[in-house]
Amino acid sequence: MLHFHVLSEFSRANCIGICAFLVPANLLTTLLTIILAVIGRPTHQIWQTVSLASIFATLMIFHVYTWFQVGVVMAPTYILLGLAITCLVINFAAVILHKRYFYRQSVAQNA
């Protein structure tokens, strides 16, 4: 059975590798969400990228919280936490703006 402290130790022991994967993954999936929303792709495609981006951002938040558990309060922890939260907000804002502006225009053009 997996214990939370074992996962936390794994996260802290492999911090470089985890951050080396999660930072670009967050940025690329968020950028993909923005691009898909702007070019007016269907909502289900945007939700797929938002789901993937949210998974990456949530994993980064959990990774940063493992450092907060042991008392590491440094600039990189706050920067990574800010990046993850910003990516989450941008992704959901892209969905809302797509539904509000772009989806309405594509429906009006088809009518």
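This report describes the cores, surface patch, aromatic pairs and salt bridge of a predicted model.

## Nonpolar cores

In soluble globular proteins, nonpolar side chains tend to be buried together. The largest nonpolar core of this model has 13 residues. Within this core, Leu22, Met60, Val64, Leu80 and Ala84 touch the most other members. Helices α2, α3 (43-69) and α4 are the elements that each give two or more residues to the core. Apart from this core lies another, made of six residues, including Leu36, Ala37, Ile46 and Val50.

Ala84 is in contact with Ala57, Met60 and Ile61, when its neighbours within four places in sequence are left aside. Val64 belongs to helix α3. Is Val64 buried or exposed? Its relative accessibility is 1%, so Val64 counts as buried, since buried means under 20%. Val64 touches Thr77, Leu80 and Leu81, if residues up to four places away in sequence are not counted. Between the C-alpha atoms of Val64 and Ile34 there are 25 Å, and these two residues are 30 apart along the chain.

## A buried histidine

Helix α3 also holds His63. With a relative accessible area of 3%, His63 is buried. Which residues does His63 touch, not counting residues up to four places away in sequence? They are Ser11, Cys15, Ile18 and Cys19. The C-alpha atoms of His63 and Cys87 are separated by 15 Å, and the two residues are 24 apart along the chain.

## The nonpolar surface patch

Helix α2 gives the most, with five residues.

## Aromatic pairs

A pair of aromatic rings is described by the distance of the centres and the angle of the planes. A search of the whole structure finds four aromatic pairs. Two of them are set out here.

| Pair | Distance of centres | Angle of planes | Kind |
|---|---|---|---|
| Phe21 and Phe56 | 5.5 Å | 85 degrees | edge-to-face |
| Tyr65 and Phe68 | 5.8 Å | 50 degrees | tilted |

Why is the pair of Phe21 and Phe56 edge-to-face? The planes of Phe21 and Phe56 are at 85 degrees, and planes over 60 degrees apart count as edge-to-face. This pair links distant parts of the chain, with Phe21 in helix α2 and Phe56 in helix α3, 35 residues apart. Phe21 has 49% relative accessibility and counts as partly exposed, whereas Phe56, at 13%, counts as buried.

The pair of Tyr65 and Phe68 has its planes at 50 degrees, so the pair is tilted. Both residues lie in helix α3, three residues apart, about one turn of the helix. Tyr65 is partly exposed at 43% relative accessibility. Phe68 is also partly exposed, and its relative accessible area is 23%. Tyr65 and Phe68 are linked with Tyr78 into a cluster by ring pairs.

## The salt bridge

How many salt bridges does a search of the whole structure find? The search finds one. In this salt bridge the side chains of Arg12 and Glu9 meet, at 2.6 Å from N to O.

Arg12 and Glu9 are in helix α1 (residues 4-13). Being three residues apart there, they are separated by about one helical turn. Arg12 has a relative accessible area of 15% and is therefore buried, while Glu9, at 47% relative accessibility, counts as partly exposed.

Key:
Residues are numbered from 1 along each chain as its sequence is written. This is a predicted model: local features need pLDDT of at least 70, side-chain atom pairs count only at pLDDT 80 or more; totals for chains, interfaces and linings use all residues. Side-chain values use heavy atoms; hydrogens and water are left out. Helices (H or I, at least four residues) and strands (E, at least two) are DSSP runs, numbered from the N terminus. A nonpolar core is a set of buried Ala, Val, Leu, Ile, Met, Phe, Trp, Tyr and Cys residues joined through side-chain atoms within 4.5 Å. Buried means under 20% relative accessible area, exposed over 50%, partly exposed in between (1.4 Å probe, protein chains only). Contact means heavy atoms within 4.5 Å. Rings of Phe, Tyr and Trp (its six-membered ring) pair if their centres lie within 6.5 Å; planes under 30 degrees apart count as stacked, over 60 as edge-to-face and the rest as tilted. A salt bridge is a side-chain nitrogen of Lys or Arg within 4 Å of a carboxyl oxygen of Asp or Glu.
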